[in-house]
Amino acid sequence: MTELEQKIEMVNLARSLFERGYTVGGAGNLSVRLDENRVLVTPTGSSLGRLQAERLSVLDLAGNLLSGDKPSKESVFHLEMYRKNPECHAIVHLHSTYLTALSCLENLNTENAIQAFTPYYVMRVGTLPVIPYYRPGDINIAKELGERALSGKAFLLANHGVVVTGKNLIDAVDNTEELEETAKLYFILQGQKIRYLTENEIKDLQNRGK
Ligand SMILES: O=C(CO)COP(=O)(O)O
């Protein structure tokens, strides 16, 4: 894909997320690795429903702005994850309703906030560790995510939202949608007896993914 095609894809995927209610106002940010040393990021304060390809921010991995508008304040953690994990090619950060609701609960299992009860959650995400609360843009979010960047695909930011990675932007968006749906089901199922997947069922799904 050319750089322009990557920019147009980001605009279209972001608009689709916005139009389907995955994000509102100016919340959320997306990024994709353009090449070994450059990353495309959504500008700070921008609505994901109204991005413009020519205004998207291009940064080097050190955080220097190469072109476009001022980048997302969360670009600090996006860049840290790309530096720490060469396999990470795209990142979605949303304040989507059900995952953000989940992030506000007390006594979450910080190793994994959602125990698996559907196969696609296992196949697309696996586990959902919880990062402690820091204000949006805080450097500590980057530190915490950087330390875990090699160990998982999705992370819940306490009282804030979610961070999901992928092998390209479409993959990261699909993983995010699956995870938001899983959180929605988790709340729908509150008060009912869930049959969680067994360890063997989870292992079987993980083996098939390889
Ligand atoms: O979601 C956000 C903060 O967590 C939005 O921040 P930006 O507008 O700087 O991307």
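Not counting residues up to four places away in sequence, Leu102 touches Leu108, Ala113, Ile114, Leu128, Leu156, Tyr186 and Phe187, where contact means heavy atoms within 4.5 Å. The model is predicted, with local features needing pLDDT of at least 70 and side-chain atom pairs counting only at pLDDT 80 or more, while totals for chains, interfaces and linings use all residues. Residues are numbered from 1 along each chain as its sequence is written, and side-chain values use heavy atoms, leaving out hydrogens and water.

Leu102 is one of the residues with the most contacts inside the largest nonpolar core, which has 44 residues. Such a core is a set of buried Ala, Val, Leu, Ile, Met, Phe, Trp, Tyr and Cys residues joined through side-chain atoms within 4.5 Å; buried means under 20% relative accessible area (1.4 Å probe, protein chains only). Among the elements that each supply at least two residues of this core are helix H1 (3-19), strand E1 (29-35) and helix H6 (169-188). H6 gives the most, with 6 residues. Helices are DSSP runs of H or I with at least four residues, and strands are runs of E with at least two, numbered from the N terminus. A second, separate core of 18 residues includes Tyr82 and Phe155.

Tyr82 is also among the buried residues of helix H2. Because 7 of the 10 residues of H2 (residues 75-84) are buried, this helix is largely enclosed by the rest of the structure.

An N or O atom in the side chain of Ser72 lies 2.7 Å from a ligand oxygen atom, and for His160 the corresponding distance is 2.9 Å.

Terms used
Buried < 20%, exposed > 50% of the residue type's maximum accessible area, 1.4 Å probe, protein only. Polar contact = N/O pair within 3.5 Å; in protein donor to acceptor, adjacent residues only side chain to side chain.
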